[in-house]
Structures are given as structure tokens and as C-alpha cells.
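These entries record what I looked up, topic by topic.

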Amino acid sequence: GMWAHKLSVQDYQDLIDRGWRRSGKYCYKPTMNKTCCPQYTIKCNALEFKLSKSQKKVLKRMQRYLAYGDVKGSSEDKKHLENGSSEGGENCSQLIHPAVLPKHDLSNVTLTQPSKAKTNSDSNPIKTNKGEGDGLNISSSKSHEEDLGNEAITTDESNRVQLPKNNRENTILNPKLENKTPKPGIGADLNRPSQKKAKDIRQERREAKLAAKLQDAELRGETLMESEAKKNKNNISKSIEDFLDEPMPAKPSHKLELRLVRVNSSAFKATFNDAYKVFKKYQMTIHKENEEECERSSYINFLVDGPLAMWYPRRGGPTEGFGSFHQQYWLDDKLIAVGVLDVLPQCISSVYLFYDPDFAFLSLGTYASLRETALVREIHRQGALDFKWYYMGFYIHSCPKMRYKGQYTPSYLLCPDTYTWQPIEPCIPLLDASKFARLNQDQNVKDENCKMDISKVLCLYQREEILYHQYAILNPESEDQQEVREYSNLVGSKCAQSMLLYRS
């Protein structure tokens, strides 16, 4: 990893396209071929985004709650929360706490010479090991079975009939057992009618629905296949905006307001305490942290302070400009969730999400991800033609809890060898076979962005921008060639010639 004291939005866009992520001012890149759980950068094409059935349910649930106060499904979400899950929509990595702090603060350094560089203003998976004694050992007493099942009725002296061990048959053959209330744990109540299995009920419903469709088709003089084809042809799937813009009743039960505030703006500072309270409650409830681990300084260091410089493009960009933002979710004037976002030249990169656990029944993680996807589409409509991607952090195929990110369609994974984007569908079999895999199967494709003469790496030395070969001349005893070469390979030649590598 490395500390980024000041970074243009274009440089950070180039970095995340090489597998980098940030937590506060600390930028890190997993060592894919060494880590136990390889983390693949994942992004979704928001302009071609298709809602899944489960995602539609989340949007409808929120709509019902806002309109009528309906909290259907809250018990299921409460159980989900109690199981320790941070909920499928938490679209970002956990907070990264660097082991080494920066020796110098270079965020306010000004060069003594005009800069020639481009400077736009801009987890290990949870393992559950079950012991041998974890299962339920069910034992039953044989006394009642022997009393009922082993009785015999003598029809004559030579013939003896053995009763089966079925309670219902016992009742018929032995009137003495009629209306006898079973003891707890013995079996079903014989005085009550038998219940159908749930799968049988579902099958009957499917058959009834199919019969109704067939009858309707016959009335129209069509076959069932012709009727379904005609229906599919006329059926246009609803977009995410169609769900979000559903009309509300005249007097809705609740009001939800979204505010996109730039970090450290006046609006941000006015709501700082509200956001911090939600963050602290979320970390302590969901991630089981103690108060010391989620103190104000931790919140500021990793979710407030950042290296991205603000940049307002002259044309073709969001009205709020590019940089770091907090998207706040206010329910009835109460802050219930915050999404930490980086708005970059081609994408929205989700940094972190935290919410009030009391509202977990609304699936705020998933709902926030869908809202951020819609925000990408909105910014694109404002004139940013290249702006179409939603970056969700890392996809960890070896961790089942992190596979939900692949449900955002269409999604792409970054190949760790070639740094090219590949559709997720053909990548899944490769990751099933091996945790670490080259996702681009064309062996002729190479990483062209790593070929560079390190003498051309830009450096910051004594407040001056110089090339590395100039630095080497001024410091002939320096032995950092290998470190500079590794740096240029990791960040890529494009960033190595636009960012300044600090040298002391």
C-alpha cells in the first residue's frame, strides 16, 4: 500500500482500473497470487443495468413502507441481522487500518517550480467449523411404542395378528385408543386432519395457474405457447427509475430524502454529528466493534479525510463536480444511512456504507446500491457521456457472503494479469476451479501499461518535481531502484508519469 496525500480524480480512476482501492488517504492493492482470498475489482455497467427479482422486491418493500408504513418481511431481516450478516447490499470493503502511518504530511506541499504533471483539481471469509457434537441427537423412548405397536389381537387360539406400529391403524383396531390425546413428542394429533406438505401446496397452485392460462388462451383461440409469446413481446421490463418514481399517495406514511453532500462542505459539517452517531451504532452492532475501535478519529481518518482534489469540469460533468461525497438518507428528518462515494471521471466508486441497524428491515445496503446505480445514470444524462460505471469494490469468489456483488447485471471483473475487464459469467467456472486465475483467456494479451523506463518516474524531492534519474544523480548512494521499479509496475506507467513519488 501507499499513502496518497493529494490525488487527482483521473489518477485515482487509473489506479482503481489497476486493482487499487482506498480507505481514507491509504491506498492499497491486494497481492492476488499470495492472499488466501483473492479480491477482484468489480464494476457494473449502470446504463445497461437489469434489475433482478430480489432487487425489485427491495425497491417495492421501500415503496410500501414509505407509502403505507408496511414493514412486511421485518422478522426475516431481523433474523438476518442477528446472524451477524452485514446485509448483501453493503457494497464495499471493510475499513482498512494501515500498520504504518505516513512519516510526512504532504497534502499542503507547494512546488517551487511549476508542475509538469497532470493535476486536475478535482477479509478473510468467515469459516464455520462444526464439531462432531454440534448436531441434534434425537432419541425416543420405546415404552409407548411397545405399548401400542406390539399389542396383539387374538382371533382364535391358532392365529395371532401383529398390529403395525401406525397410530391411525392402532386406533381403528383397538377402540380403547380412540380419542386418546397423544403425549408431547409422541406424534401427530390423531383427532386433527392431516396437513398437506408445503411443496404439494405449491405444486397445486402452479397447476391451477397453468390451467387458468390455458383456459384464457383457448377463449382467445390461441395455443398456450402463442399466448405466452405474445405476452412476452408486449411486456417491457421496468427500469430502476420506474420503481423509484412510483407515485405516492396524497398522505404517505413516511418521507425519504436523499442528499448528496461534498465532504467537508458546510452541509457536511452541519450533519457531521448525526452521521457519526449512525456510524458508531452500525460498527458496534453489525461488526461487533467496541467504542474505542469506532471513535471519532477513526471515522474521520477513514471516511472523511481523503486525498481526492475537487474538480469542476467545464462541461459534460455532474453539477456537484468530481471528488468525495457522502450520500445521506433522511427518513422523516432522521439520518438512517450514509453511502461514502468517490465520483470519478467515468464512474461512481463505492467506498463504504453504514446505516442505522434499527432499519435493517428495509435492506438499506441493497437499496443504497440501487440508488447509487441510479445516480450514475443521472450523471450520464447530465452530459457526462463516458460516465456509465458503478464500482462496487472487490468481488471475493472464495467468500460466499461476498458473491452477491455478481448479481448486479451486467458486471465485469478485472483480470489481475492483463488489467482488462472480463464479463463475470465466463469467469465463474475459472474461479470455481482456482481461487486465483487469469480471467483473460487470450494468452496474447499482455499488460501494456507496466512497460516503463523508471528514469522517467516523477518524484517529489525537496519540494521540487524532478525525474527519478535526476534524483539518482543528486543521490548517488541511493539504493531504491528496485522499490521505484515495483512502484511503477503496480501503479502503471500512466500514473507513474503523472503522480509524484515522494523521495527524502
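Helices here are DSSP runs of H or I of at least four residues, numbered from the N terminus. The model I examined is predicted.

Entry on helix H12. I looked up what follows H12 and found Gly383, whose phi is positive, near 120°. I then checked the length of H12, residues 364-381: at 1.5 Å a residue, its 18 residues should span 26 Å, and the end C-alpha atoms lie 25 Å apart, which agrees. I also looked up burial; 14 of the 18 residues of H12 are buried, so the helix is largely enclosed by the rest of the structure.

Entry on cysteines. I searched for disulfides and the structure holds 0. Cys36 is in no disulfide, and the nearest cysteine sulfur, that of Cys37, is 3.6 Å away; a disulfide would need the sulfur atoms within 2.5 Å. Cys36 counts as partly exposed at 41% relative accessibility, whereas Cys44, at 0%, counts as buried.

Entry on aromatic rings. I found 21 aromatic pairs in the structure. Phe359 and Phe361 form a tilted pair, 6.2 Å centre to centre with 35° between the planes; both residues are buried. The ring centres of Trp389 and Tyr412 are 5.7 Å apart and their planes stand at 85°, so this pair is edge-to-face. Trp389 lies in strand S11 and Tyr412 in strand S12, so the pair ties together parts 23 residues apart in sequence. I noted Trp389 as buried, at 12% relative accessibility.

Entry on charges over rings. The charged end of Lys43 sits over the ring of Trp389, 3.7 Å from its centre. Arg259 lies over the face of Trp330, at 4.3 Å from the ring centre.

Conventions
Residues numbered from 1 in each chain as written. Predicted model: local features only at pLDDT ≥ 70, side-chain atom pairs only at ≥ 80, totals over all residues. Heavy atoms only, no water. Helix = DSSP H or I, 4+ residues; strand = E, 2+ residues; numbered from the N terminus. Expected span 1.5 Å × (residues − 1). Buried < 20%, exposed > 50% of the residue type's maximum accessible area, 1.4 Å probe, protein only. Phe/Tyr/Trp six-rings, centres within 6.5 Å; stacked < 30°, edge-to-face > 60°. Lys NZ or Arg CZ within 6 Å of the ring centre and 35° of its normal.
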